[in-house]
Structures are given as C-alpha cells and as structure tokens.
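Hi there,

Here is the structure I promised to pass on to you. Have a look at it first, and then read my notes below.

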Amino acid sequence: MAFIQWRPDFATGITEIDNQHKKLVSMVNELYEAMSKGMGQEALGKVLNGLVDYTKGHFSTEEKYFTQYGYPGSTAHKAEHKKLTDQVLQLQKDFNSGKAVMTVQVANFLKDWLSNHILTTDMKYAPFLKEKGLR
C-alpha cells in the first residue's frame with residue numbers, strides 16, 4: 001500500500017495541476033519506499049533532489065497561472081510556496097552535508113504538507129482559475 005494515496009478530493013479540476021500533484025504524491029511515495037528499503041544515502045539523495053526540483057517546477061506552474069489570470073490571493077500563496085521551498089532546501093542541505101538522515105518524520109512532514117497544501121491552499125485558487133476557463 002502506498003504511503004500517501006491520491007484521493008478524489010485532491011483534484012482541483014485543472015488537469016495540468018492535478019497531474020503535477022499526482023506526480024508529487026508518487027515522488028513522496030518513492031522517497032518513503034526508498035527509506036523503507038534502507039536504501040543508501042546516495043539513492044535517497046537522488047530521490048530527494050528529484051522531489052525538490054519537481055516541487056520548484058510545480059510552484060512555477062501555479063504562479064504562472066496566478067500572474068496570467070490575476071489571482072488575488074497570489075501573494076499569500078507565493079509566501080507559502082517560499083516557506084515550504086526554504087524548509088525543503090534546508091532539509092536537502094542538511095541531508096547532503098550528513099547532518100540529517102531521511103526518517104519517517106521527514107516523510108510524514110512531506111505527506112502532511114502535500115495533503116494540507118492541496119486540500120486548503122490550492123483549493124482556494126481552483127474555483128478562480130476554473131472561472132477564468134482553465135481546465
């Protein structure tokens with residue numbers, strides 16, 4: 001069973017964003033699986049690096065739409081993106097320098113953040129962007 005399951009209530013109704021969210025769910029599952037199998041630091045680092053890079057790209061996609069369509073809540077949403085990016089970059093830095101190891105707590109943090117971000121913050125912009133014709 002997957003660490004985090006894609007659920008229908010995660011769907012924003014915007015195909016590109018939903019597909020990216022599904023990929024993020026898959027990547028968190030991949031990280032958890034690698035940890036569960038006791039994979040070495042190098043393998044875990046590769047998965048973590050991929051997750052960090054993909055998350056940055058995903059945030060860029062959302063923010064591009066905020067600008068394109070004039071989403072009024074973009075400032076607060078971008079601040080949340082920055083906060084998470086900073087947290088994950090620090091985790092990545094600590095991991096790469098040997099100060100931190102991947103633990104279930106890290107996986108739970110990512111799972112909880114992803115679920116909460118999609119279900120609360122992202123659901124705030126979904127109706128606005130769909131009203132503008134984005135699907």
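Glu 33 and Lys 37 form a salt bridge in this predicted model, with their closest N and O atoms 2.9 Å apart. Lys 37 counts as exposed, at 59% relative accessibility, while Glu 33 is partly exposed at 42%. As background, side chains of opposite charge can pair when their charged atoms come close.

A search of the whole structure turns up three salt bridges. Another one joins the side chains of Arg 7 and Asp 9, at 2.9 Å from N to O. Both ends are partly exposed: Arg 7 has a relative accessible area of 33%, and Asp 9 has 40%. Lys 82 also pairs with Asp 86, where the closest N and O atoms are 2.8 Å apart. These two residues lie in helix H3, four residues apart, which is about one turn of the helix.

Helix H3 itself runs over residues 74–96 and reaches 32 Å from its first C-alpha to its last, close to the expected 33 Å. Its buried residues include Leu 84, Val 88 and Phe 95, and helices H2 and H4 are among what covers the buried residues. After H3 comes Gly 98, with a positive phi near 85°.

Of its 13 lining residues, Leu 51, Thr 55, Leu 84, Val 88 and Leu 110 lie nearest the centre.

Happy exploring!

How values were computed: Residues numbered from 1 in each chain as written. Predicted model: local features only at pLDDT ≥ 70, side-chain atom pairs only at ≥ 80, totals over all residues. Heavy atoms only, no water. Expected span 1.5 Å × (residues − 1). Buried < 20%, exposed > 50% of the residue type's maximum accessible area, 1.4 Å probe, protein only. Contact = heavy atoms within 4.5 Å. 1 Å grid on protein atoms, 1.4 Å probe; cavity = no way out; pocket = protein on both sides within 12 Å on 5 of 7 lines; lining within 4 Å. Salt bridge = Lys/Arg side-chain N within 4 Å of Asp/Glu carboxyl O.
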